Number of protein chains: 2
Amino acid sequence: MQKKRAITIKDVAAEAGVSLQTVSRVINKGPNVTQGVQERVKAAIDKLGYVPSLAARRLGGSRSYLVLAFNDERPTLEGWQSRRGNDWVDQMLYGGMLKCAEHGYRMLFELVDSHSDQLEAQVQAALSALHPDGVILTPPHSDDTRITDLLHRNGLIFARLGSHREGEGFAVYMDDEAAARRATEHLLDLGHTRIAYVQGHPEYAMSPDRLRGFTSAIEARGLEVEPAYLQPGDFTYEAGVDALNVLARLDVPPTAVLASSDEMALGVLHAAGPLGLSVPGDLSVVSFDDTPTVRMSVPALTAIRQPIAAMTARAAELLIQGKARGEVANDHHLLPFDFVVRESTAPPRAGGARR
Amino acid sequence: MQKKRAITIKDVAAEAGVSLQTVSRVINKGPNVTQGVQERVKAAIDKLGYVPSLAARRLGGSRSYLVLAFNDERPTLEGWQSRRGNDWVDQMLYGGMLKCAEHGYRMLFELVDSHSDQLEAQVQAALSALHPDGVILTPPHSDDTRITDLLHRNGLIFARLGSHREGEGFAVYMDDEAAARRATEHLLDLGHTRIAYVQGHPEYAMSPDRLRGFTSAIEARGLEVEPAYLQPGDFTYEAGVDALNVLARLDVPPTAVLASSDEMALGVLHAAGPLGLSVPGDLSVVSFDDTPTVRMSVPALTAIRQPIAAMTARAAELLIQGKARGEVANDHHLLPFDFVVRESTAPPRAGGARR
DNA sequence: CTGTTAGCGCCTTCAA
DNA sequence: TTGAAGGCGCTAACAG
């Protein structure tokens, strides 16, 4: 089984009767190639089925045709291991792979542990090995200056998903404040006045934004935010369970809960039954994320849907274009979110929730 | 923002006071390096934070440190687009990425359309661009000779997930026949005698295996397979809906259904309500795959769980080891499946299902 | 407009 | 046990 020699640019050059460089120019859509020569070269490429080697292009030239995405290791592995899946990764692949493929790029994933003291070493190792043309950061890395500084020092362009903070890199995000406001308004419009909020992990930059959206929606109706209705959370199922257990035992329990993640919303949902609360009869529930499971839950959850695929596609595009043009415009890109009303929200029962 | 020059093997050599070649030997665990020199070099590597460039290694040497996985384009995109997620990809990432990382490898995904007449060109293009050290094939590609022949011609080693057919490449699979038998026996043990089977897509090699397992389990109890209980399917939700609509209208409808995919099982489940059938009261349902959603469905589904992560990890290991040792042992690797009993199965109601 | 000349960073082969 | 020379396939910078 002798490996048949791969065909290289040299073969194409010979076939077309031109120099290597001319072939290279055609491949890279370089200027200064006659129509005729160009077609001759293209014919040779097609005939031989030539595809340039990524490794060689990277070594010789200044581009690697690689986009590298860093995701947080722990939650990602946890999602896979528990077989709950991983909507972020799925949607990033969907948006990113396709966009990269359009431009002859590949997207690679790398997991790094945001809590490790080796974080920077991990990131640098991946950069050194791969030399990507651009990097996509996800929360909570998007706002981690250890990483952004490192990328900047390496002269890399990068996109920060889910972050709208100032700083290096493209910020590609949705309006978390507006999303939380929208969800809260939906509950207010249904007639709820006692609305609780189970917050996201404080490490994540969007958490205060969402809280602001929640608060502003309530205050805009002349109501006040009940401090006891603000429950801490860390995005996990258990946090949702715990939160509802606290909330339901208040003297005046809420009639609706907004949770900052699907997991927490499901925790709330599943904690409701044992507490004698029906959803949405006694309690309306709204979640953030709209991962696959919330459509299968009973009742299906009303949810904010993040545009993860679109953000990733935009990020990939910005990086590829930016690399090609050598520009460093660190602008902001705000993408619209969706709000999907399902069965978990309804008007409050007259007289409020029963304990 | 001048890109700081990357540190190369040259810097390490200078730092350690040895030649390039010696550093290369240390990196690659080559023979003939004194203990002392080795430690000196390692110290230099750590000090400088040196990580070899994948592209350069691939170009100079014979390895690319890349494993390439081909998935079928249409179902994969469909899963992402519908936001149902994609358990196969998730579990492949889980098993494959981690195993690859252990060995300094990366895993890349490529989508190719099994129904395209460009299939071979798509595959060849990816191979030419990436020059992977090994390839992982998933159903239905695992049994597609257009692809396996192409890989063989390219002198590549590869693993075929979910295939136990003879031929080139490592076959890494679970025993689909035994799994179907196990699921069927579970229903028989509960007392069911009228069991239907919604089959998988005939293009997939495991489909006849599963049918055999189903049939043999029934016949082993001295029962006969009712031809009308064998419904065609293609793994989709709609196929499950259609199948139950046919089955429920038979003169003697089944009391249990085994479906060859989660999607189809969910289709069956959701078609049951409108037909006045309760699950598991009137109808027991067992599914194949155990993707995340079937645990959130109501009732949660009893299911066969494929060891996708384990298969991918095994495949990656075989490829990496095989590449290192230059061997071409095309053996078989049978991995165990799980069977998870949940709420969708129960003894048949006395007197059988009501129409 | 096209061709020539150097490398990119590493591994392979050979010599010492 | 170590080092030096060559080249992998491509692109950048320069000639022509």
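Colleague: Why is the pair formed by B:S53 and a phosphate oxygen of DNA strand C called a polar contact?

Modeller: A backbone N or O atom of B:S53 lies 3.3 Å from that oxygen. A polar contact is a pair of N or O atoms within 3.5 Å (within protein, one must be able to donate a hydrogen and the other to accept it, and residues adjacent in sequence count only if both atoms are side-chain atoms), so this pair qualifies. This is a predicted model: local features need pLDDT of at least 70 and side-chain atom pairs pLDDT 80 or more, while totals for chains, interfaces and linings use all residues. Residues are numbered from 1 along each chain, chains are lettered from A and ligands numbered from 1 in written order, and side-chain values use heavy atoms, without hydrogens or water.

Colleague: Which base atom of DNA strand C does B:Q21 approach?

Modeller: A base oxygen, 2.7 Å from a polar side-chain atom of B:Q21. In B:Y50, a side-chain N or O atom is 2.5 Å from a phosphate oxygen.

Colleague: What makes A:R84 and A:E263 a salt bridge?

Modeller: Their closest N and O atoms are 3.8 Å apart. The rule asks for a side-chain nitrogen of Lys or Arg within 4 Å of a carboxyl oxygen of Asp or Glu, so the pair passes. The interface of domain 2 and domain 3 of chain A has 1 salt bridge.

Colleague: How much area is buried between domain 2 and domain 3 of chain A?

Modeller: About 1,200 Å², with 54% from carbon and sulfur atoms. That is accessible area (1.4 Å probe) lost on putting two parts together, summed over both.
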